[in-house]
Amino acid sequence: MIMGCVFSLPEDRLVTIDSAQTTRETSFIDKMKKTGKNIVVFYGSQTGTAEEFSNRLAKDAHRYGMKGMSADPEEYDMSELSRLPEIENSLAIFCMATYGEGDPTDNSQDFYDWLQEGDADFTGVKYTVFALGNKTYEHYNAMGKYVDQRLAELGAQRIFDLGMGDDDGNLEEDFVSWREQFWPAVCEHFGVEATGEESSIRQYELKVHSDLNMNKIYTGELGRLKSFENQKPPFDSKNPFLAPVTVNRKLNKAGDRHLMHLELDITGSKIRYESGDHVAVYPINDSVIVNRIGEVLGVDLDTVISLNNLDEESNKKHPFPCPTTYRTALTHYLDITNPPRTNVLYELAQYATDPTEQENMRKMASSSPEGKALYQSWVLDSCRNILAILEDFPSLRPPIDHLCELLPRLQARYYSIASSSKVHPDSIHICAVVVEYETKTGRVNKGVATNWLKSKMPTDNGHKATVPMYIRKSQFRLPFKSSNPVIMVGPGTGIAPFMGFVQERGWLKEQGKEVGETVLYYGCRHKNEDFLYQEELDEFEKTGVLTALNVAFSRDQADKVYVQHLLKKNKEAVWRLVHTDNAHIYICGDARNMARDVQNAFYEIAEELGGLSRAQAVDYIKKLMTKGRYSQDVWS
C-alpha cells in the first residue's frame, strides 16, 4: 500500500433485483457479436487500477478502426475464450494485477482456478497480457506471468510481449510505454491503420434531475440504495456494515506523529473474522477539498445528476452509483487526492484556454522523454492532486461532469486486524498511523482514510460515529498446531496482526492447550515516544504468553538498531526454533526495506548456523514459504 496513495476495489456491478427479469448474459462472445466488438479487455483488479487500464485500452481500440469492450472475468463464462476466433480480427487483452503473496485478485480467482484445472484448446485465439505488480514483493507480477504462460501452453497465440508494470517505480509510465509499442504491433498484425482520431470520446452522458424524489438519490451507498439505513447481511465490498466506533485512542506518548488504536463494534452483524485477516474500510474525502473543487469550477455541488453510459449494452451503466449529487460523488465515490493519471490530463487538456497550459498537459500525457519527465516531476514528485492541478493551471476549467467521468473510484483501505476473534468476537481492532506531509509545492497532503478515522470519536454530539467496513480473508494464519513455536517480526504498525496472534495464543493457553514458544520482534523509534501497546506487551511477557519480547529502539542510541539486528544477535535461538522446532515465521510491515532486510537476516542465520551457501540458504527460506512456514503481510 502506497502512503498517501490508494488501495481499491472493483466497481459496482448492477444486480438484477427482479428475478423475472432476464439474468445478465454470461457470453462475452455473443455480446461482442451483437455490439460489433472485436477486442475484449479482461481485468483482474483489486485496487481499481487494472480496471482503469482495461477501460483505457478498450477506448484506444476505436482510434485504430476497431471496437473494444472492457470485461470483468467474474461476470462471464471464461471457457468461451476458445470461441474468440469466430470473430474476425479478434483479440483478447488481459490486464492482470497480482494481490498479496502472488495471488489472483478476488474477481479473477475463478478464472485462475479454471485455467489451472482446465485443458481448453485456445488454438486461433490471439492475446496479450499487461501485468500490474510491485517489485518489492516476493512474487512480482506472478498472476500476469502465469496467465501469459498458461494461455500459450493451451495453444493461444501471443501477439505482443507481456507488459510488466511496477507500482514501486512508475506504473503509469510502464503502462504508457508498453501501450505505445503495443498498438502499432496490433495494427501490423491485423493490417489496419490508425484513424488519426485523437479526439476525446465521452463514455457517459449527463442527465440533470430537477424534480427527483430524495429517496431515489444515492448518498454514499455502494450497491443497494438505502443500504446504509436498512442494513442486511451478508456484508461484503458491495454491502459494507456500518460498524460503530467504540474506542479511538492515541497510542504514542510523544513525537510529531499520531498513531491510533480504534475498535469497531460488529455485534449483530454476523461478521466472522480470524486473526490475520484484513478489515477494509470505505473512507470519505475531506469536505475542504470537495468544496474547493466546486468553488474553482463555479458549480452548485448539490445538483442531482446521473451519468449514463452511451453504450447501452455495457454492464456498467454508470461510473458510480446514480442518481446522486456532485457533492456525494466527490465525497464518497471519486478519488480526488491521488495524482491523476496521464489519460485524465490528456482528456482534460482540451478545456485549458491558455495554449501553454494546454500544451503542457498534452506533453505530460505523451510518451516523449521530456513529457514523461515533466509528468514525473510536476505531478508525481510534487504530489499534485486534481485540485492542485486546477489551481496551478488557472485556465483549465473543465465541465465537472467530464471530470467526474474521468476520475478513478475512491477505494477501500485495508488494515491488518489487531485483535483475535476468540477474545473479541464482537469487536475488530485497527492500529494505524495518520498520514500527513508537506509537498514540494508547500501544500499539506493528508491521507484520506487515516485522517477520516482519526476524527471518528465514539460519540459525536450524541450520534454514534460509524465506519463502513467488511472483512477480507487472508492467508496470514497461526499454525494449525498450537504447539508449533511462532516468530513474529512487526515493527511500527506492523505490530497489528501480532496483537491478535498473541491474544489468541493466550486464549489457547487458558483453554489448557499446549502452546509453543511465542517470540515477538518489535521496533519503534524511541522507547518513551512510540512503543505501541507497551503495557499490554509487558503484561503478556509477565504472564508467559510471550516467551520473548525483543524490541529495537532505532533512535535511542547513536547507531540505529532495527529488528533484523536483534534477529542476528539472537541467531542461535532463532535457528533452533526454525530448524529444530518447526517454528512458523511471520513478517508484517514495510515491504520496501524492512521485509527485505529481515529476509536477508534469515539467509545469513541459515548460512552461518546451518552451514549453507547463500544459494542454499535462499532455497531453504523459499521452501519454508512453500510449506506456509514463512508468511508476510507487507505493504509499500
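Visitor: Which orientation do helices α3 and α4 take to each other?
Guide: The axes of α3 (residues 109-117) and α4 come within 11 Å and cross at roughly 40°. Here axes are lines fitted to C-alpha atoms, for helices over the stretch in contact, and angles run from 0 to 180 degrees between N-to-C directions. Under 35 degrees counts as roughly parallel, over 145 as roughly antiparallel, 65 to 115 as roughly perpendicular, and the rest as oblique. The pair is therefore oblique.

Visitor: What pLDDT must side-chain atom pairs have to count?
Guide: Residues are numbered from 1 along each chain as its sequence is written, and side-chain values use heavy atoms, with hydrogens and water left out. This is a predicted model, in which local features need pLDDT of at least 70, totals for chains, interfaces and linings use all residues, and side-chain atom pairs count only at pLDDT 80 or more.

Visitor: Back to α3 and α4: how do the residues of their contact divide by type?
Guide: Contact means heavy atoms within 4.5 Å. F111, Y112, L115 and Q116 of α3 make it with M143, Y146, V147, R150 and L151 of α4. Ala, Val, Leu, Ile, Met, Phe, Trp, Tyr, Cys and Pro count as nonpolar, Asp, Glu, Lys and Arg as charged, and the others, Gly among them, as polar. The contact residues of α3 and α4 are seven nonpolar, one polar and one charged.

Visitor: And which orientation do α14 and α15 have?
Guide: Helices here are DSSP runs (H or I, at least four residues), strands are E runs of at least two, and they are numbered from the N terminus. The axes of α14 (residues 496-510) and α15 (residues 534-542) come within 11 Å and cross at roughly 30°. By the angle classes, these two helices are therefore roughly parallel.

Visitor: Which residues of α15 does α14 meet?
Guide: The crossing is left-handed, a term for the near helix being turned anticlockwise from the far one by less than a right angle, with clockwise giving right-handed. From α14, the residues involved are M499, V502 and Q503. Their partners in α15 are E536, L537 and F540.

Visitor: Is Y533 buried or exposed?
Guide: Y533 sits in the loop between β22 (518-524) and α15, and has a positive phi of about 55° without being a glycine. Buried means under 20% relative accessible area, exposed over 50% and partly exposed in between, using a 1.4 Å probe and protein chains only. With a relative accessible area of 4%, Y533 is buried.

Visitor: What phi does N141 have?
Guide: N141 is in the loop between β5 (126-133) and α4, and counts as buried because its relative accessibility is 1%. Most residues other than glycine have a negative phi, and most peptide bonds are trans. N141 is not a glycine, yet its phi is positive, about 55°.

Visitor: How far apart in space are the UniProt "binding site" positions, between C-alpha atoms?
Guide: The unreviewed UniProt entry places this feature at residues including R257, T493, V563 and D597. Its positions are given in the numbering used here, with shortened feature names, and annotations may be inferred rather than shown by experiment. They are spread over 341 residues of sequence, and in space up to 24.3 Å.

Visitor: What relative accessibility does V563 have?
Guide: V563 lies in helix α16 (residues 563-569). Beyond its neighbours within four places in sequence, V563 is in contact with residues including V489, P491, Y521 and M594. V563 counts as buried because its relative accessibility is 3%.

Visitor: What is the relative accessible area of T493?
Guide: T493 is in the loop between β21 (486-489) and α14. Not counting residues up to four places away in sequence, T493 touches L259, C431, A432, V433, L532 and W635. T493 is buried, with a relative accessible area of 15%.
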